[in-house]
Amino acid sequence: MLHRHRGGSLQGASRLLPTLCAVLIGLGAQTACSRHTVLDGTLESPRAVATAVVDALSRKDLAALERLAVGEAEFQHLVWPKQPAARPGRNIPWDYAWKDLASKSRMQLRGRLNEWPDRGFTLVEVTFEGDTTDYETYRIFRKSVVTLRDRDGQVTRARIFGSLIEQDGRYKVFSYLVD
């Protein structure tokens, strides 16, 4: 129950927002709640994300690498409603798409983590060789390529994550899936 207190605001309304969004999404009003979804744990630039990924790989820190990427709730409420596969008539449930993406991304991430050479890499630059797609509330930058310099000065180009997502000038790994 909501109660008014001095100043006329509603106590408890913020606690009800997630429930209200779930009900609205269940009724097909996805855009009403997706507008309120904000990516968590974003960084200020593609360079900052790539540096954080390289650092976490060097530390063999799987938990940090997973935090740098889009999570299930972000995918469900922000990403999925804008995807072409989510359009009515496609009959593809968001959780099917999420499980497919997450399992492939996790598998490639773990392989990369196991094979990562500890050569004291520092980031030189990050570029994108694929298309950038604007989905109104976010953008996806595809086919990332990082240029790294090792402690001996050798320069290497690598694909350590597949794509980045950007929302309101803030960035996060969309997927570790490199195709």
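The axes of helix α5 (residues 72–79) and helix α6 (residues 94–115) come within 10 Å and cross at roughly 135°. Axes here are lines fitted to C-alpha atoms, for helices over the stretch in contact, with angles from 0 to 180 degrees between N-to-C directions. Because angles under 35 degrees count as roughly parallel, over 145 as roughly antiparallel, 65 to 115 as roughly perpendicular and the rest as oblique, α5 and α6 are oblique to each other. The model is predicted: local features need pLDDT of at least 70, side-chain atom pairs count only at pLDDT 80 or more, and totals for chains, interfaces and linings use all residues. Residues are numbered from 1 along each chain as its sequence is written, and side-chain values use heavy atoms, with hydrogens and water left out.

The contact (heavy atoms within 4.5 Å) between these helices is made by E72, F75 and Q76 of α5 and by W94, A97, W98 and L101 of α6. Of the residues in this contact, five are nonpolar, one is polar and one is charged.

Within α5, the residues E74, F75, L78 and V79 are buried, that is, under 20% relative accessible area with a 1.4 Å probe, protein chains only. Seen down the axis of α5, these buried residues fall within an arc of 105°, so they line one face of the helix.

Beyond α6, W116 lies in the loop between α6 and β3 (122–128). W116 is buried, with a relative accessible area of 10%. Leaving aside neighbours within four places in sequence, W116 is in contact with V54, L57, S58, K60, F121, L148 and I160. W116 and K60 are 56 residues apart in sequence, and their C-alpha atoms are 8.3 Å apart in space.

Notes:
Helices (H or I, at least four residues) and strands (E, at least two) are DSSP runs, numbered from the N terminus. Ala, Val, Leu, Ile, Met, Phe, Trp, Tyr, Cys and Pro count as nonpolar, Asp, Glu, Lys and Arg as charged, and the others, Gly among them, as polar. Buried means under 20% relative accessible area, exposed over 50%, partly exposed in between (1.4 Å probe, protein chains only). The arc is that of the directions from the helix axis to the C-beta atoms.
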